[in-house]
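Thanks for making the time this morning.

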Amino acid sequence: MAQSETTVGSVVGAHNEWDLLEEVVVGTVEGALVPPWDTMMEATLHDKGLWDYFKEHGGTSWPRELLAAARNDIDEFVHILEAEGVTVRRPTPYDFAKPFATPDFEIASSCYALMPRDVLLVIGDQIIEAPMGWRSRYHENHAYKDLCKEYFRSGARWVSAPRPQLGDASYKKDFVPPEEGEPMGTILTEFEPLFDAADVIKCGRDIFIAQSNCCNRFGIDWLRRHLGDEYRVHEVEVYDTHPMHIDATFYPLAPGKLLINPERVKRVPAMFEQAGWDVLVCPEPLMPETHPMFNCSRWICMNVLMLDERRVIVSKGEGNLIRALQDWGFEPIPCNFYDFETIGGGLHCASLDIRRRGGLESYF
Ligand code: DAV
């Protein structure tokens, strides 16, 4: 199996979003459930009109037609990856329907293994199980344990961030998500370190992270200290009424090329301008407003997956972005993905880079 110079002995090695992708984990729709209702969903769901749907259907299977359509998309994504020479791995089937309790909370079920990007953070040869903020996702890492064990045996480092308690003290009581224009706020307290792996985006020695409804400052501090002197962890200032994850907001696509969400990025960190990076502003999404979206916003179009510095898999309906990517010097590979986005997230959410060929570098 091909291995990069810097990761000899370990199958796991990824330092940025654009080195040649060799192995990836792709999520699965098998067994996917509607997330069971929990108050922190009020903070993350952009569409208030959906609360009742989750209250009624949470913990049960998604409707068969939605699952079938999402499966077609993910199958096409896997097909493209394999055709482009990438090894694709999948999670282990897991029973998400079991209710569970800890001494601090109880919840009707788990959710799914749709989005490995949220659960595991790969930095260099290290896999970090994220301290996730949603109670219903507390055991989602179990669907990836077989893979983690295998990667560990191959030489990867494998750790879990401190398991959070997720009791009432972790969430602000009576939190009301801000309306557009009001100051940003998140539902999390600073009781314990919390982040999802998708709150983080890698750029060699520089790691970018933004506070969200699943990432607090305590979580950022934990990651900074855990990674140590080899890395510089930067907090990015974003504005989002329902923030969750950085990869539809702020995304270094290739050396010198930063894609930003014009509605959410308040200030591009000065280091990008100083180092001569181009700031690429994501065009308006083309997904019809009427397209059902249970989890994320239309800005999920930004959630592309780089196969190397040029080839980029992008959601097929997003002609504006596809043309912009071409103008910026990329080679877009369109993939039908709107129906996966309906119940999950984008191409980046649905995948997890395990190995990209290349070493740890500084781009600033
Ligand atoms: O903007 O809808 C996307 C989350 C991607 N991991 C949004 C959040």
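Let me start with Cys111, which counts as buried at 0% relative accessibility, where buried means under 20% relative accessible area, exposed means over 50%, and partly exposed is in between, with a 1.4 Å probe and protein chains only. Before I go on, please keep in mind that this is a predicted model, in which local features need pLDDT of at least 70 and side-chain atom pairs count only at pLDDT 80 or more, while totals for chains, interfaces and linings use all residues. Residues are numbered from 1 along each chain as its sequence is written, and side-chain values use heavy atoms, with hydrogens and water left out.

Cys148 is in no disulfide either, since its nearest cysteine sulfur, that of Cys111, is 18 Å away, and Cys148 counts as buried at 2% relative accessibility. For the structure as a whole, the number of disulfides is zero.

Now to the aromatic rings. A pair of aromatic rings is described by the distance of the centres and the angle of the planes. The rule here takes rings of Phe, Tyr and Trp (its six-membered ring) as paired if their centres lie within 6.5 Å, and it calls planes under 30 degrees apart stacked, over 60 edge-to-face and the rest tilted. A search of the whole structure on that basis finds 23 aromatic pairs. One of them joins Tyr53 and Phe54, whose ring centres are 6.1 Å apart and whose planes stand at 90°, so this pair is edge-to-face. Phe54 itself is buried, with a relative accessible area of 2%. Elsewhere, Phe208, Phe250, Phe272, Trp277 and Phe364 form one aromatic cluster.

Rings can also sit under a charge, and the criterion is that NZ of Lys or CZ of Arg is within 6 Å of the ring centre and within 35 degrees of the ring normal. Lys55 lies over the face of Trp37, at 5.0 Å from the ring centre, and Arg163 lies over the face of Tyr138, at 5.6 Å from the ring centre.

The search runs on a 1 Å grid over the protein atoms alone: a cavity is a set of points where a 1.4 Å probe fits but cannot get out, a pocket is an open set with protein on both sides within 12 Å along at least five of seven lines, and lining residues have an atom within 4 Å of a point. Grid points are joined across faces, edges and corners, and a volume is the space filled by probe spheres set on the points.

How many cavities of 30 Å³ or more come out of this rule? The count is four, and the largest cavity holds about 220 Å³ of space. It is lined by 23 residues, of which Met244, His245, Asn295, Cys296 and Ile300 are the closest to its centre. For the lining classes, Ala, Val, Leu, Ile, Met, Phe, Trp, Tyr, Cys and Pro count as nonpolar, Asp, Glu, Lys and Arg as charged, and the others, Gly among them, as polar. The lining of the largest cavity then divides into nine nonpolar, nine polar and five charged residues.

The largest pocket has a volume of about 440 Å³. Of its 20 lining residues, His46, Pro178, Glu180, Thr241 and His242 are the closest to the centre, and by class the lining has eight nonpolar, four polar and eight charged residues. Thr186 counts as buried at 8% relative accessibility.

Finally, the backbone. Most residues other than glycine have a negative phi, and most peptide bonds are trans. Leu166, however, has a phi near 55°, a positive value, and is buried, with a relative accessible area of 0%. Asp174 has a positive phi too, near 60°, but Asp174 counts as exposed, at 64% relative accessibility.

Key:
Disulfide = S-S within 2.5 Å.
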